[in-house]
Amino acid sequence: GEDVEQSLFLSVREGDSSVINCTYTDSSSTYLYWYKQEPGAGLQLLTYIFSNMDMKQDQRLTVLLNKKDKHLSLRIADTQTGDSAIYFCAESIKSRSSASKIIFGSGTRLSIRP
Amino acid sequence: KAGVTQTPRYLIKTRGQQVTLSCSPISGHRSVSWYQQTPGQGLQFLFEYFSETQRNKGNFPGRFSGRQFSNSRSEMNVSTLELGDSALYLCASSLELGDTEAFFGQGTRLTVV
């Protein structure tokens with residue numbers, strides 16, 4: 001089946017690291033993504049990882065993928081107030097026609113406390 | 001380079017009416033996908049268009065349809081609107097069919113009353 005799950009809320013202190021976790025069920029996913037959505041805005045692609053990689057680092061962002069456990073995480077170092085948003089974990093699933101669709105989790109609302 | 005442009009940004013319609021939403025992809029991008037975002041169901045895939053053909057479809061009733069023009073711009077149409085169709089409709093543009101990176105527009109917020 002196609003299902004992506006993530007916790008709904010995370011609260012961290014400014015300056016600490018945030019870790020947002022996600023699990024997915026479809027082992028045929030090709031890419032896994034993290035998107036950010038700020039209030040009233042569309043989705044911003046933060047980073048993605050190919051399914052045969054286990055880690056990707058991009059400035060303050062670190063993505064870890066455990067393919068065996070179908071677990072994906074996003075670590076944001078030195079969390080700032082501007083990081084407050086909803087973070088969506090997503091997987092890309094290709095159909096036989098090479099078209100793809102992205103299956104999204106329910107989103108984790110990250111709030112930063114001073 | 002301009003991003004993905006969706007028009008209108010906000011729309012209010014009455015039950016039973018029909019609505020057309022528009023999406024202009026990033027210049028040079030040929031694939032357009034549509035998603036519906038609601039508080040209850042989250043983000044759900046509607047369909048993907050490439051070369052003016054629907055290539056992939058989500059689990060939505062036939063009231064939801066779309067099309068793509070030769071310049072890659074896409075429209076989606078919802079007929080016989082229901083209250084439950086109230087949502088943020090997001091369009092995503094990619095260079096090619098099934099491409100790794102999908103860039104999203106700001107969305108059209110549809111309210112059905």
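Author: Salt bridges join Arg63(B), Glu82(B) and Asp85(B) into a network. Please keep in mind as we go that this is a predicted model. By the rule used here, the count over all chains is seven salt bridges.

Let's turn to another one, between Arg30(B) and Glu96(B), where the closest N and O atoms lie 2.9 Å apart.

Arg67(B) forms a salt bridge with Glu75(B), and the closest N and O atoms are 3.3 Å apart. Arg73(B) also forms a salt bridge with Glu75(B), again with 3.3 Å between the closest N and O atoms. Is Glu75(B) buried or exposed? Glu75(B) counts as buried because its relative accessibility is 16%, and the cut-off for buried is under 20%. Its two partners are listed otherwise: Arg67(B) is partly exposed, with a relative accessible area of 46%, and Arg73(B) is partly exposed at 23%.

How many salt bridges does the rule find across the interface of chain A and chain B? The rule finds zero there. The two chains do touch, though: 20 residues of chain A are in contact with 19 residues of chain B. Interface size is often expressed as the accessible area lost when the parts come together. Here chain A and chain B bury about 1,700 Å² between them, and 53% of that is on carbon and sulfur atoms. Leu43(A), Lys101(A) and Phe104(A) provide 25% of the area that chain A buries against chain B, more than any other three residues.

Now for chain A as a whole. Chain A has eleven strands and zero helices. Its radius of gyration is 14 Å, close to the 13 Å that the globule rule gives for 114 residues, so chain A is as compact as a globular protein of that length. The C-alpha trace of chain A spans about 50 × 30 × 20 Å along its principal axes. Of the 114 residues in chain A, 47% are buried. Among contacts in chain A with a separation of 6 or more, 55% are between residues 24 or more positions apart. The accessible surface of chain A is about 5,600 Å², with 48% of it belonging to carbon and sulfur atoms.

Strand β6 (residues 55-58) of chain A pairs with strand β7 (residues 61-66) of chain A in the antiparallel sense, over four bridges. Met55(A) has Leu64(A) as its bridge partner in β7(A). Two residues lie between the strands of this hairpin, and Gln59(A) takes a positive phi near 55°.

Definitions and conventions. Residues numbered from 1 in each chain as written. Chains lettered and ligands numbered in written order. Predicted model: local features only at pLDDT ≥ 70, side-chain atom pairs only at ≥ 80, totals over all residues. Heavy atoms only, no water. Pairing = 2+ DSSP bridges. Salt bridge = Lys/Arg side-chain N within 4 Å of Asp/Glu carboxyl O. Buried < 20%, exposed > 50% of the residue type's maximum accessible area, 1.4 Å probe, protein only. Rg over C-alpha atoms; globule rule 2.2 N^0.38 Å. Contact = heavy atoms within 4.5 Å. Areas by Shrake-Rupley, 256 points an atom, 1.4 Å probe, with all protein chains shown as cover. Buried area = accessible area lost by both parts, 1.4 Å probe.
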